[in-house]
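Subject: Structure for your review, with notes

Dear colleague,

I am handing over the structure below, followed by my notes on what was found in it. Please read the notes with the coordinates open beside you.

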Amino acid sequence: MKFNNKYTLGKNVTVGNNVKIGDRTIIYDNVTIGDNSVISNDCVIGEPLNSYYTDEQYIQPITEIGEESLIRSHTIIYAGNRFGSRFQSGHRVTIRENCIFGHSCSVGTVSDIQGYSQFGNYCRLHSNVHIGMNSKLGDFVFVYPYVVFTNDPTPPSESCVGPQVGNYSQIATMSVLLPGVKVGEHALVGAGSIVSRDVPDYSLVVGNPAKKIKDVRDVKSRETGESYYPWPHRFSRGMPWSEEGFEEWKKNQ
Amino acid sequence: MKFNNKYTLGKNVTVGNNVKIGDRTIIYDNVTIGDNSVISNDCVIGEPLNSYYTDEQYIQPITEIGEESLIRSHTIIYAGNRFGSRFQSGHRVTIRENCIFGHSCSVGTVSDIQGYSQFGNYCRLHSNVHIGMNSKLGDFVFVYPYVVFTNDPTPPSESCVGPQVGNYSQIATMSVLLPGVKVGEHALVGAGSIVSRDVPDYSLVVGNPAKKIKDVRDVKSRETGESYYPWPHRFSRGMPWSEEGFEEWKKNQ
Amino acid sequence: MKFNNKYTLGKNVTVGNNVKIGDRTIIYDNVTIGDNSVISNDCVIGEPLNSYYTDEQYIQPITEIGEESLIRSHTIIYAGNRFGSRFQSGHRVTIRENCIFGHSCSVGTVSDIQGYSQFGNYCRLHSNVHIGMNSKLGDFVFVYPYVVFTNDPTPPSESCVGPQVGNYSQIATMSVLLPGVKVGEHALVGAGSIVSRDVPDYSLVVGNPAKKIKDVRDVKSRETGESYYPWPHRFSRGMPWSEEGFEEWKKNQ
């Protein structure tokens with residue numbers, strides 16, 4: 001009962017095969033939606049940029065949603081974004097203009113992406129994540145609820161230096177990455193950390209300001225008592241190595 | 001002017017007596033709404049689970065809203081939830097599937113309940129609270145804005161061990177309960193705490209990691225200079241002891 | 001394509017000249033909208049107070065939106081609010097009743113203002129800010145994402161003593177102002193601070209509990225190596241001194 005063809009399409013919208021679009025969803029001009037995608041109800045795809053309200057010569061940028069994507073209800077995606085295949089959003093997500101997402105990414109309920117940022121493949125942003133402009137995330141980066149990526153070292157200023165996070169790193173809930181910090185690969189930022197300095201590969205950091213307390217390879221699983229990280233050896237749900245295992249998959253990259 | 005009968009009802013929806021349903025609200029299949037409830041405008045009740053999009057044999061679980069409830073606008077409640085009487089939500093609340101709420105609970109604006117959790121009676125979640133799956137809250141638990149309940153001890157993993165909070169405990173703003181922690185009864189978690197270990201009954205804990213700094217019975221009211229906790233002796237608005245007082249009420253339980 | 005005259009107006013609504021109102025937006029009774037304003041789609045202006053649902057004698061308070069305002073989509077503004085000219089909101093903002101905003105203020109996406117608060121001129125609240133009741137902000141106060149202003153010193157209680165923030169002060173991301181704290185002028189509260197005591201003018205405070213670590217005038221710009229604060233000497237975008245400079249502008253106040 002979600003799909004009664006009560007949506008609105010702008011000009012120059014390309015809708016792939018077997019796409020479902022929910023009621024009251026608005027798709028503005030110059031949007032492409034890949035095959036087999038679902039855009040649920042009450043979404044806005046290609047929300048016009050701010051200049052729309054003031055510039056009579058406004059030109060709407062191109063927006064691309066990759067194939068097999070699922071965008072949940074009440075999500076607002078601005079014009080000028082590009083998503084690879086199998087993108088998923090939660091409800092009420094807001095994504096400002098000019099982001100590039102790789103494939104198989106997800107952004108959770110009520111998250112707020114401020115635009116002009118890059119995301120690798122298989123990035124997972126959970127609920128209520130805030131990504132400031134000019135952020136850069138690698139592949140397989142997971143960001144947990146209420147994490148904030150900032151970009152202004154001396155607020156307010158015209159500086160805008162976003163954080164960078166390397167492949168496989170995990171940023172736990174309620175952490176803040178301060179402007180321009182670089183988190184390496186396979187790092188783990190503990191819950192509630194304020195990260196003011198770069199985080200080396202394989203480091204677990206916690207606290208305010210965040211300090212390295214151990215190598216992630218020394219973190220044990222509560223259940224098995226064995227080392228848990230690097231996590232790709234232990235976790236494969238939804239990952240490209242879910243069948244062959246991380247070792248084998250990695251060899252073939 | 002909110003109620004012009006412009007809502008949508010699915011199949012097998014049972015609407016009690018004297019219920020108001022706002023415009024553009026969608027009530028999906030297999031939902032029951034108790035007498036004298038108000039479902040305001042632009043709500044979704046019984047949002048279909050994820051399998052709806054992929055499973056042609058999808059079966060919609062039962063959703064129950066207790067009598068005298070007030071669900072404010074733009075709230076999304078998934079199928080499979082059960083709410084006791086006098087439930088209230090703020091605006092834009094999201095509640096995923098398979099939670100059980102006692103009676104007289106409230107969930108504030110933009111809060112995000114991830115599903116599969118239990119709430120006692122008179123639980124009050126303020127604005128922008130995030131409750132991860134498998135959490136368990138007792139009676140009279142109040143949770144303040146931007147609190148996060150987590151459940152994965154080694155992210156990412158398949159573990160999902162939610163926190164538990166005992167009766168009468170208060171979790172102040174911007175705190176995080178880490179996976180599996182048990183907060184006792186009549187405890188007070190101070191603002192901005194990262195709670196990594198169990199909190200005994202009647203304890204005030206603060207900091208990252210949270211440590212006990214005193215017994216709550218030693219916390220004085222700023223206004224009177226007298227001991228304030230256990231709070232049920234001092235606060236009764238909306239509580240079942242509001243007429244007879246906590247002592248008297250407690251005797252009769 | 002946003003503006004197809006598919007909105008709803010209540011009684012006694014005064015709409016200025018050259019105002020655009022988006023589709024599905026609802027403007028309730030007793031609202032005034034100033035000239036040249038844009039109310040985008042799916043907004044609610046003058047949302048009725050809670051007593052609307054229960055009080056048959058409900059009287060709708062007056063709501064005023066100043067001229068040249070831009071209210072982005074899905075914003076809910078309760079009745080009884082007054083906004084000066086050039087107000088801007090992000091998406092999905094919620095503003096409860098009886099706030100007074102000066103002119104040139106902005107409130108970012110998904111922020112939640114609990115009502116009964118005062119804001120000077122040129123206040124900028126970024127995304128996902130939570131302002132508890134009885135807060136008071138001066139002029140040129142900037143509040144960054146995920147900041148919470150609290151007001152109950154012994155939760156739960158009937159006390160409601162909001163924080164106060166003086167002119168030009170900056171409250172960085174993920175900070176909490178505890179009930180009744182007074183932040184002076186030109187202060188800087190660092191990211192993730194829990195502010196439990198008053199903050200003197202020109203102080204930089206950080207940590208939990210927040211402590212003064214230096215005078216803001218000793219904070220250097222990363223880019224120039226020179227002192228950056230007081231910031232009005234360095235930053236002027238959108239400020240009233242953007243043409244003549246802060247010194248000159250200040251002389252004429």
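Predicted model: local features only at pLDDT ≥ 70, side-chain atom pairs only at ≥ 80, totals over all residues.

B:Met174 has a positive phi of about 65 degrees although it is not a glycine.

Residues are numbered from 1 along each chain as its sequence is written, chains are lettered from A and ligands numbered from 1 in the order in which they are written, and side-chain values use heavy atoms, with hydrogens and water left out.

Two further backbone features concern cis peptide bonds. The bond from A:Asn208 to A:Pro209 is cis, with omega near -5 degrees, and A:Pro209 has its place in the loop between β29 and β30 of chain A. The bond from C:Tyr229 to C:Pro230 is also cis, with omega near 0 degrees, and C:Pro230 lies in the loop between β30 (211-215) and α1 (246-251) of chain C.

Next, the sheets. In chain A, 10 strands form an open sheet with parallel pairing, in the order β1-β4-β7-β10-β13-β16-β19-β22-β25-β28, where two strands pair if DSSP finds at least two bridges between them. The edge strands of this sheet are β1 (8-9) and β28 (194-195) of chain A, each of which pairs on one side only. Within chain A, β19 (residues 130-131) and β22 (residues 148-149) pair in the parallel sense over two bridges, and A:Ile131 stands opposite A:Phe149 in β22(A).

In chain B, 11 strands form an open sheet in the order β3-β6-β9-β12-β15-β18-β21-β24-β27-β29-β30, and here the pairing is mixed. Its edge strands are β3 (20-21) and β30 (211-215) of chain B, each pairing on one side only. Strands β12 (residues 88-89) and β15 (residues 106-107) of chain B pair in the parallel sense over two bridges, with B:Ser89 opposite B:Val107 in β15(B).

Returning to chain A, β29 (residues 203-206) and β30 (residues 211-215) pair in the antiparallel sense over four bridges, and A:Ser203 stands opposite A:Asp215 in β30(A). These two strands of chain A form a hairpin with four residues between them, and A:Gly207 in the turn has a positive phi of about 100 degrees.

As for the interfaces, the contact between chains B and A (heavy atoms within 4.5 Å) takes 43 residues from chain B and 38 residues from chain A. The two chains bury about 3,100 Å² between them, 58% of it on carbon and sulfur atoms, buried area being the accessible area (1.4 Å probe) that two parts lose on being put together, summed over both. In chain B, B:Tyr53, B:Pro155 and B:Pro156 lose the most area to chain A, together 23% of what that side buries. The rule finds one salt bridge across this interface, a salt bridge being a side-chain nitrogen of Lys or Arg within 4 Å of a carboxyl oxygen of Asp or Glu; A:Arg237 forms a salt bridge with B:Glu158, the closest N and O atoms being 2.9 Å apart.

The contact between chains B and C takes 37 residues from chain B and 43 residues from chain C, and the buried area is about 3,100 Å², of which carbon and sulfur atoms give 58%. The count here is one salt bridge, and the side chains of B:Arg237 and C:Glu158 meet in a salt bridge (2.9 Å, N to O).

Finally, chain B can be laid on chain C with an RMSD of 0.0 Å by a turn of 120 degrees and a shift of 0.0 Å along the axis, with copies superposed by least squares on the C-alpha atoms of residues with pLDDT of at least 70 in both. The two copies are thus related as by a three-fold rotation axis. The copies use different surfaces, in that 16% of the contact residues of chain B recur in chain C.

With best regards
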